[in-house]
Amino acid sequence: MLCLGLSGGLDKVYENRFQIPNTFMHDGAAVLVRDGQVIAAVEEERLNRIKHSNKLPLGSVQYCLSAAGVKLSEIDRVAFYATEDYSNAMLENMLVSQPDAAIPLDAKLLMQQLLAQEFGTELEASRISFVGHHQAHAVSAFAMSGFEQSLIFAIDGSGDFLSGLMAVGSGTDITQLATFPENNSLGQFYLETIRYLGYGLFDEYKVMGLAPYGDPVPYRELFEQLYELSANGEYRVHLDRIGPTLLRSIQVRQKGMPFTQQHMNVSASLQEALERIVFHILRHYREATGMTRLCLAGGVAHNCSMNGKLLYSGLFEDIFVQPASHDAGCALGAALIVSNELGRPAPRTRLQEVYWGPELASDHAVEEELKAWGGHLEFERTEEVGDRAAEWMVGGAVIGWVQGRSEFGPRALGNRSILADPRPASNKDRINAMVKKREGYRPFAPSVLEEDAHEFFDLPSSACEFPFMNFVVRVRDSKRDLLGAITHVDGTARLQTVSRKASPAYWDVINAFKQRTGIPILLNTSFNNNAEPIVDSVADSIATFLTTELDGLVVGPYLVKKRPATLRDWTALAVSLPPYVSLHKVHEYTAQDRHETVCEIRTDHRECARISRDLFDLLTRIEGEAVLADLLDTITLDQGLREALTRELRQLWEQRHVRMHPSQAARVHQN
């Protein structure tokens, strides 16, 4: 039995027909399971390059079908990650705001139409299912946990008019114990608070990283006014009080402003409040059910600091956190729910790895892609790729590392990673500044050989496997100064243990580093810059390598370095506009009350950059793709202007507002 689970929105990548805000139907993904076992899964953002994509996951579906060698018509069931009632209500809301839109009010009919348009196959209505959002979260965790019985806590911002559920899993059955209404959402509680710290949707993890710099005491009493704990694990959060309370009590931080100690203290108090509420709920249900194991899913389950506190508390003997706990993981849960309904439940084994995405291209294809960038890259092939990469890092290099199939979920787990020596504290600042272009306080994670984890990290005696970076754990006191790049200000780290069986190539490079340094650990962060999702393809990795200050790149068996490219090398590249980008001229008034026309390049996910009029004119001439030198020849012969426009275009490329790549003609000529 083949079952396909979907999450995400309804528009194609170049459309905004349904005008779905990113607060709804985000994190698009597709997951294909055969007889309850995952054979392919990928988030749409990895393919369409839109962070937290709220587009219809058509690329993800196509990948899953190709990976399995099947057509859509061969899929036994397609399952969407929301109930049919909720989906229909969403369509009604869209129709109210767009009365002239040709939107059917039947979600199942709409799904049939959208899939038929793309894949040429109209599935029977009986083969399309809608599943409860939080049920999908719950199943995605319990079915992958290897537990025969456990408590299940699915907790997020919202979905299906709820914000979570509590359940007990036994065998292949899940019995719901309680649901949590949308107006009592812990995800919204966190999100509403961080707005006053200059952050917004999808930034929650940044505040989690900021919290250890603060002291929860100064604002503890203030936060206690924002929630109540009552008998039987019940609680209430007062979302309506957050704004008025914080506006009276703190200096609101605007995006881009420096952090004060006050902001850090608020972060610490918020984190403490969340943990107090979650512990209150779980203590009750642990006692009421007698369950000694816990499964967590939903966006709040990505709060690794909270998970670490639960781990050390001893409240549960074992805890499994779904590695794709956000809404993309609902695609997994949806597929598993309908597979179980068809008599093919997931096997009761513990999830060991999530390398379910697209495979790295063949060695020949990788080499051809590298050759196409000949003016910008030099490379060599080696059979000792782990040893050579380790030598680079021992020498101080920060490298991109791309191997095998990409990871499913928000963490780079050694197949699409940036790697570095975990010892020099300066590496943390260097990578934050030169690659990620993000706040300097943000920590980096360590990847450690599984067999050496206890030597460097103070772990509960029952815990030895942490393959998914789901828990913040304590670095041993004696190792904190040694591991300066991965030890956070509070002496903790978000740990990944690496198994030789699950990830042999990654294990090898860490082991090679250990042979040279005695340290079986590497600093590991996701391979992307601040403007894009984690890389997936060879082309993605080259683009990120060339638009950051990474020292080297390892792709499959190839070691790659940068060449000092000339203006001619840059203008030999082709330029194209991503399908989600548009060009605009905007009329506005200056401070002197003068009328002025400015030029902008916008994405449909609400990012915008001003550009010069000359570059605007240049970009409007592109049809499909165009070689930059040819474009420049159409508007100017002035060398200074050519150089200025090329620099401006490269800056747009760094922000992924345009694409720069070897032209098709150059590739054909090369071959």
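Strand S14 (residues 399–402) and strand S22 (residues 552–555) run parallel, joined by four bridges. In that pairing, Val402 stands opposite Val555 in S22. The model is predicted.

Helix H11 (residues 304–313) is mostly covered, with seven of its ten residues buried. Among them are Cys304, Met306, Leu310 and Leu311. Ser305, Asn307 and Gly308 are buried too. The cover over these buried residues includes helices H7 (204–210) and H10 (261–289). It also includes strands S11 (293–297), S12 (318–321), S18 (472–475) and S19 (492–494). Just after H11, Gly314 takes a positive phi of about 75°.

The whole structure holds three cavities of 30 Å³ or more. Two are set out here.

| Cavity | Volume | Lining by class |
|---|---|---|
| Largest | about 110 Å³ | six nonpolar, five polar, three charged residues |

The largest cavity is lined by 14 residues. Closest to its centre are Gln352, Pro467, Thr497, Ser499 and Ala502.

The second largest cavity is lined by Leu10, Met25, Phe80, Ser87, Leu91, Ala107, Leu110, Met111 and Phe130. Helices H3 (84–97) and H4 (107–119) each give two or more residues to this lining. H4 gives the most, with three.

Notes:
Residues are numbered from 1 along each chain as its sequence is written. This is a predicted model: local features need pLDDT of at least 70, side-chain atom pairs count only at pLDDT 80 or more; totals for chains, interfaces and linings use all residues. Side-chain values use heavy atoms; hydrogens and water are left out. Two strands pair if DSSP finds at least two bridges between them. Buried means under 20% relative accessible area, exposed over 50%, partly exposed in between (1.4 Å probe, protein chains only). Contact means heavy atoms within 4.5 Å. On a 1 Å grid over the protein atoms alone, a cavity is a set of points where a 1.4 Å probe fits but cannot get out, and a pocket is an open set with protein on both sides within 12 Å along at least five of seven lines; lining residues have an atom within 4 Å of a point. Grid points are joined across faces, edges and corners, and a volume is the space filled by probe spheres set on the points. Ala, Val, Leu, Ile, Met, Phe, Trp, Tyr, Cys and Pro count as nonpolar, Asp, Glu, Lys and Arg as charged, and the others, Gly among them, as polar.
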